[in-house]
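Please examine the arrangement of aromatic rings, charged groups and backbone angles in the structure below. The paragraphs that follow take up these topics in turn.

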Amino acid sequence: MKNVSWLCTFGLLLLLSATNLTAQKALNLGLGYFGETATHPGLVAHLELEKPQSKKVSTIFRGDIGAYVHARNHTGVFMDVHTGLRRYHASGIFTEQYLGLGTLLSFYNGDGVFQRDENGNIRRASAFANLDIMPSVTLGVGYNLSKNSDSANLIYFRPKVFWQLPFNNLALPHLALQVGFIHRIN
């Protein structure tokens with residue numbers, strides 16, 4: 001119960017930070033590879049609202065939707081929102097950091113899926129369509145392919161750590177790798 005109240009507070013903070021982005025300067029669309037533990041393939045699509053704070057720093061509010069297949073374990077479909085900062089450097093390189101919160105729908109392989117309940121008892125869990133909360137932390141580095149023009153075409157490399165709550169506890173994070181392309185729409 002303590003984790004649920006913490007996650008609700010975190011989600012409220014994310015929503016409050018999104019309301020600060022009412023005067024958007026840029027709308028970006030992205031597509032990329034999403035590899036859970038880097039080797040379990042998937043795709044991610046995202047929409048970003050980017051608000052410049054200065055010539056070098058922007059506040060980003062991003063929504064992702066994606067899926068991945070971990071062949072021997074499960075298939076995951078997720079949707080999450082992120083808030084963070086992106087810092088542009090004169091060389092065209094940019095760095096970024098995000099906090100996120102979302103949901104993860106998992107379809108487990110096999111029929112022997114077990115889970116510990118709140119009282120510490122082991123019970124059989126459903127292998128089909130388990131909905132979990134997905135908090136995450138993402139760091140990134142990328143390059144602005146069109147750094148000398150008004151449009152933006154960016155490539156990025158983002159290691160991501162996410163959790164699957166309540167199925168796993170906070171000590172069992174998932175690692176992921178995102179590699180992709182972002183295009184500025186306006």
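Helices (H or I, at least four residues) and strands (E, at least two) are DSSP runs, numbered from the N terminus. This is a predicted model, in which local features need pLDDT of at least 70 and side-chain atom pairs count only at pLDDT 80 or more, while totals for chains, interfaces and linings use all residues. Residues are numbered from 1 along each chain as its sequence is written, and side-chain values use heavy atoms, with hydrogens and water left out.

Thr37 lies in the loop between β1 and β2 (42-52). Its phi is near 50 degrees, a positive value in a residue other than glycine. Ala38, found in the loop between β1 and β2, also has a positive phi, of about 70 degrees, although it is not a glycine. Accessibility is classed by relative accessible area: buried means under 20%, exposed over 50%, and partly exposed in between (1.4 Å probe, protein chains only). Thr37 counts as partly exposed because its relative accessibility is 37%; Ala38, with a relative accessible area of 34%, is partly exposed.

The aromatic residues come next. Rings of Phe, Tyr and Trp (its six-membered ring) pair if their centres lie within 6.5 Å; planes under 30 degrees apart count as stacked, over 60 as edge-to-face and the rest as tilted. A search of the whole structure finds five aromatic pairs. In the pair of Phe34 and Phe162, the ring centres are 6.2 Å apart and the planes stand at 45 degrees, so the pair is tilted. This pair links distant parts of the chain, as Phe34 belongs to strand β1 (residues 26-36) and Phe162 to strand β10 (residues 153-162), 128 residues apart. Phe34 counts as buried because its relative accessibility is 0%, and Phe162 is buried with a relative accessible area of 0%. Phe34, Tyr68, Phe78 and Phe162 form one aromatic cluster.

Aromatic rings also meet charged groups. A charge sits over a ring if NZ of Lys or CZ of Arg is within 6 Å of the ring centre and within 35 degrees of the ring normal. The charged end of Arg86 sits over the ring of Phe94, 5.1 Å from its centre. Arg158 lies over the face of Tyr156, at 3.9 Å from the ring centre.

Ile60 counts as buried, at 0% relative accessibility. Although Ile60 and Leu85 are 25 residues apart in sequence, their C-alpha atoms are 5.7 Å apart in space.
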